[in-house]
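Have the structure open as you read along.

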Amino acid sequence: MASEAVIPRADRRMHRARQATLLSLATGVWATVLLPAVGLTREPDTSRVAFGAVGICAFAAAQTAVLYAAVTPWLAQRWRRRAQLGLAAVAALTVPLAAPVAAGAWPTWAWIGAALVGMAPLLFGLPGAAAVAAGTLLVSAGVAWWTGGSVVRYVVVTGGVGVAVAAVNWLQVWFWGLLVEARQGQAAQAQLAAAKERLRFASDVHDVLGHHLTVIALKAELAARLAPVDAERSGREAAEVQRLAAAALAEVRETVHGYRAVDLGEQLAAVAEVLRSCGVRCTVQPPPAEVPQPAASELAAVLREAGTNVLRHSRADWCRIRVDREEKVATMTVVNDGADDRGPDEHSHGLRGLADRLAAVGGELRVHRQDVVFTLEVTVPVSS
């Protein structure tokens, strides 16, 4: 069964894979319902038909709930247990409701038993599934004896068809579990990379400050000791402390600036890759000439916000990103087809904050919506 860890619900490719898995499983479920329903057409007693139809429909609904839980990792465990208990209760009720339908003419309950055997691998491990299969076969044989049907026929249908359905269901859910684990592994890898980068930054800052602060502390202590006996030398030591502090501050600023430096090309590639990994067709046209660092930082900030908006606030199928540079202006345009009433607009907090930030450096942010196409255009001045 798929891992119960939460995966991002907004991940488009996982969402589509889950829908495909759920649809495939549901198709198998409803196919197994059609075969017991054949017995309804062969039963002359209308009351038995009515009771049988209720039992078969309730069983199909309970199966659907269990299948949904099997491919929904973020579902709380209590809902999983309720779905499983519901299936067990409904399966027990199908014996008096559906077993007498077309007794002797059609193995109605045998097909329900086959569906139960097919569901077992989604609920339990191999020992538990084997126990459920054995119990279901006994019940099927008992139903055949009770209704006057062929015991061999009932057992063959329940066991043979049930094992085939179990194999198909298990294989599909196994593949889904692999997808979930792979996506969780990617997320963990990204978190690990971020943690390593933070540790590297902390180490660099420690290396820069450690030596300077140690010397500053010793110099300050020496200046304090010399103050009563040698004021002139104490003043020189205090001046040296001031110089060392200024040098340490300059080195820290230089270190931080190195981390803040933005490679706009890398940012464009990273955002495009994230969008593509979530199922959005993304094309990028990089700038024809290098964008200076101050302008690149502003464009990168807008690019990250735009990419986030496409993923969180839209259902875009495609996105186009273009960066142009003229003599004194750099322009970035982000266009996607995911605009809807829930999406960001010119009043969005994130876009409004970016507009204020750009205005402070002489830039401008504009948005435009036409039907489902949302366009964001940014211009920033480029220093010569």
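The report below starts with the overall picture and then turns to strands and helices.

**The chain as a whole**

Keep in mind that this is a predicted model. The protein chain has ten helices and five strands. Of its 384 residues, 38% are buried. The accessible surface comes to about 21,000 Å², and carbon and sulfur atoms account for 62% of that area. Turning to contacts with a separation of 6 or more, 72% are between residues 24 or more positions apart.

**Strand pairings**

| Pair | Residues | Bridges | Direction |
|---|---|---|---|
| β1 and β2 | 281-285 and 318-325 | five bridges | parallel |
| β2 and β3 | 318-325 and 329-336 | seven bridges | antiparallel |

You can find an individual residue pair in each. On the β3 side, Arg 320 has Val 335 as its bridge partner. How many residues lie between β2 and β3 in their hairpin? There are three residues between these two strands.

**A helix pair**

Two packed helices are described by the angle between their axes and the distance between the axes. For helix α2 (residues 46-70) and helix α3 (residues 77-98), the axes come within 9 Å and cross at roughly 160°. Angles over 145 degrees count as roughly antiparallel, so α2 is roughly antiparallel to α3. The crossing of α2 and α3 is left-handed.

Methods
Residues are numbered from 1 along each chain as its sequence is written. This is a predicted model: local features need pLDDT of at least 70, side-chain atom pairs count only at pLDDT 80 or more; totals for chains, interfaces and linings use all residues. Side-chain values use heavy atoms; hydrogens and water are left out. Two strands pair if DSSP finds at least two bridges between them. Helices (H or I, at least four residues) and strands (E, at least two) are DSSP runs, numbered from the N terminus. Buried means under 20% relative accessible area, exposed over 50%, partly exposed in between (1.4 Å probe, protein chains only). Contact means heavy atoms within 4.5 Å. Accessible areas come from the Shrake-Rupley method with a 1.4 Å probe; for residues, only the protein chains shown count as cover. Axes are lines fitted to C-alpha atoms, for helices over the stretch in contact, and angles run from 0 to 180 degrees between N-to-C directions. Angles under 35 degrees count as roughly parallel, over 145 as roughly antiparallel, 65 to 115 as roughly perpendicular and the rest as oblique. A crossing is left-handed if the near helix is turned anticlockwise from the far one by less than a right angle, and right-handed if clockwise.
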